[in-house]
Amino acid sequence: MTAAFSSPSQSARRMRHSRRSIAPWLYIAPAALTFLVWIYWPLFDALWLSFHQWNMLPRAPVKFVGWSNYANIFALPKFWQALRNTGIYVIGLLPLAVIVPLAVAIYTNDLSGRFRNVYRAIIFVPMIIAPVVAASVWRWVLDPDYGVLNGLLKSAGIAPIQFLTDPDIAIWAIVFITGWKLIGFSTLILSAANANINPALVEAARMDGASRWEIIRDIRLPLLSSTILFLVMITTLLGAQWSFSYIVVLTQGGPLGSTTNIFHILWDFGFSSMSVGWSSAAAIILFLGFGVLAFSLMRLADRYSFHDN
Amino acid sequence: MAHLNLSGLKKSYDGKQVVHGIDMEILEGEFIVIVGPSGCGKSTLLRMIAGLEDISGGELLIDGQCMNDVEPSQRGCAMVFQNYALYPHMTVRQNIGYPLKVARIPKADIQRRVEAVAATLALTDYLDRRPAQLSGGQRQRVAMGRAIVREPGVFLFDEPLSNLDAKLRVDMRIEIRRLHRRLKATSIFVTHDQVEAMTLADRLIVMNGGRIAQIGTPAEVYARPASTFVASFMGAPAMNLFEAATLNERCVKLKNCEDWVTEAGFRLPPAGHGVTVGIRPEDVAISLNGKGLAARIELIEELGGSRVAYCSRGALACAAMLPRDIDFSEDQTVFLNFPASAIHLFDQEGARFQEDKSNNDGNSAQADKSFYTGVKDALAVMTGTE
């Protein structure tokens, strides 16, 4: 009798229980699915492809080749050139993406209303221009025959510079254009962080006898350090990627591969020569390399963040 | 130790004047408290002295030297901020030592002085901690340490106790007073808390609307407030203020309460002039017998050491301290008596009447013991027709 009464209520409870245990999974399902489809699946697919040879044609056979894609890439001078260039992009971008915006943010902090708006417009305009449009404009500006810049150099009596065709200069031209596009974003982030510093701290330092420079060195920079590290981190991780559109539009990696970087050859392997195995192997190398970098930079950022209360 | 002279000190923002010509002298070693409600300009005045705000007009002299355009660090002032303004990325040791570091003092000297200051403020055990790892009171002491270590001529305190809990505030108040006694540095302390103001000050400056309302020792300001503003601002519960009018050149009668008259003991404006009568709650004599103004107790506030009754009689409201030995209860009818000696009289603009002794006709002894209920009796007493 007791069993007959208890069993329906027990099953109802079980159903309620199972429904409740599913609920949290349902809540996170949209995000989890997005991650799965757009991040983890491509990641594992790339890992799988990096051990195979395939030309991306649906009918073509996919052949397992073991580590040979990796071995081939490491043996390829173009890969090492791209890796070295990636380093140049990252290091070259740091002054433009961090140091210049830092100086601009600190020195324009005290600007009054009208000047602040003018400087904001100047700084932020590059940020909102589409990269391909910006690249086309820069191609005109840097043109050796008709470009504004060479026109100015000529009028000053200086021989025209082959900004985009000289292998020694082209990479710096791309670095500059990428940085020019980035300054607005970095300045925005640093200005916000700088404005967030408790003004009483600066006043206390003034009372303590600190000079303008000492206030920047001893108060502002340490308190901005976590933001600076954040910018260093994203510039390091994404800087070379941001230059991709300019490389494609302006130099296609040339001249003589002097402006290519790891993202560009990755694309080049995959979509120009259709060797998806190589492309995936390069992507995995990139993923691991930048993963290690990101981890150490995050640790640093944690250590240097101070909470002003 | 330094002395300060402020003459006609003004401050305006975009043409709007917020401090209107402050004149005062602060003596060497004096502990001055500037007190006033929010927005009265007290913090602005302090920041002008510190050099954190430009001076729009007038002159600031420290030890006889004009400091109007001198950098904050060169004025010989140290400041304790309301939120302490401790550098969050530095340890207590680095915080206290920072003024010495930027002054390029040798490291060994910095260490010695920082440790000496830390010992005075009981911070020795916390020297290697960051501000985030300290309690409110400890942070407050670090802020004081950073001010003391420079051995400044003038200490400026900008509401330094307002972020502390009640008990700690009392402790720190005593500590600040003790410290001042030992260091004897000229100190200017800004607060909106009148208890802090009364307990800390050698001299009080009460400010209102960017102007000085009164300067004096705490006892003077409390006993003889210069205006209705000072009268109502200093003292808790606030002084009772009643609208009244002169009955003749010596007597005043309350509005809304026709049967109460008092004598000023000095010459007043002629009959019919509006005046304000003030009496502190502790001076109101309250009793259960049938003498005085009949009023009803609306509310009794228990303060532990004392009790305050808020009484009303028609439109007239009056707070009174209750004697401990009599049991009062809410809604009870009581009788209020205002001893004439405890009465403050203010004119229509709210300024205190200046007692003119020459006009005193010798009746003040009588005024002292008198309170009057019943206008006829009072008139009879005062006009001598009794």
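Which residue of S18(B) is the bridge partner of B:Arg307? The legends below, drawn from a predicted model, include the answer.

**View 1. Chain B as a whole.** Chain B contains 10 helices and 21 strands. Along the principal axes, its C-alpha atoms fill a box of roughly 85 × 45 × 35 Å. Of the 386 residues in chain B, 40% are buried. Taking the contacts in chain B between residues at least 6 apart in sequence, 66% join residues that are at least 24 apart.

**View 2. An open sheet of 5 strands in chain B.** The strand order is S15-S19-S16-S17-S18, and the pairing is antiparallel. Strand S15 (285-287) and strand S18 (316-322) of chain B are the edge strands, each pairing on one side only. From one strand to the next, the twist averages 40 degrees.

**View 3. Strands S17 and S18 of chain B.** Strand S17 of chain B covers residues 307-313 and pairs with S18(B) in the antiparallel sense, over 7 bridges. Here the opening question is settled: B:Leu322 in S18(B) is the bridge partner of B:Arg307. S18(B) is also one of the edge strands of the sheet in View 2.

**View 4. The hairpin of S1(B) and S2(B).** Strand S1 (residues 4-13) and strand S2 (residues 16-26) of chain B run antiparallel and are joined by 7 bridges. Within this pairing, B:Lys11 has B:Val19 in S2(B) as its bridge partner. The two strands form a hairpin with 2 residues between them. In the turn, B:Asp14 has a positive phi of about 50 degrees.

Definitions and conventions:
Residues numbered from 1 in each chain as written. Chains lettered and ligands numbered in written order. Predicted model: local features only at pLDDT ≥ 70, side-chain atom pairs only at ≥ 80, totals over all residues. Pairing = 2+ DSSP bridges. Helix = DSSP H or I, 4+ residues; strand = E, 2+ residues; numbered from the N terminus. Axes fitted to C-alpha atoms, helices over the stretch in contact; angles between N-to-C directions. Buried ≥ 20, exposed ≤ 12 C-beta atoms within 10 Å, placed from the backbone. Contact = placed C-beta atoms within 7 Å.
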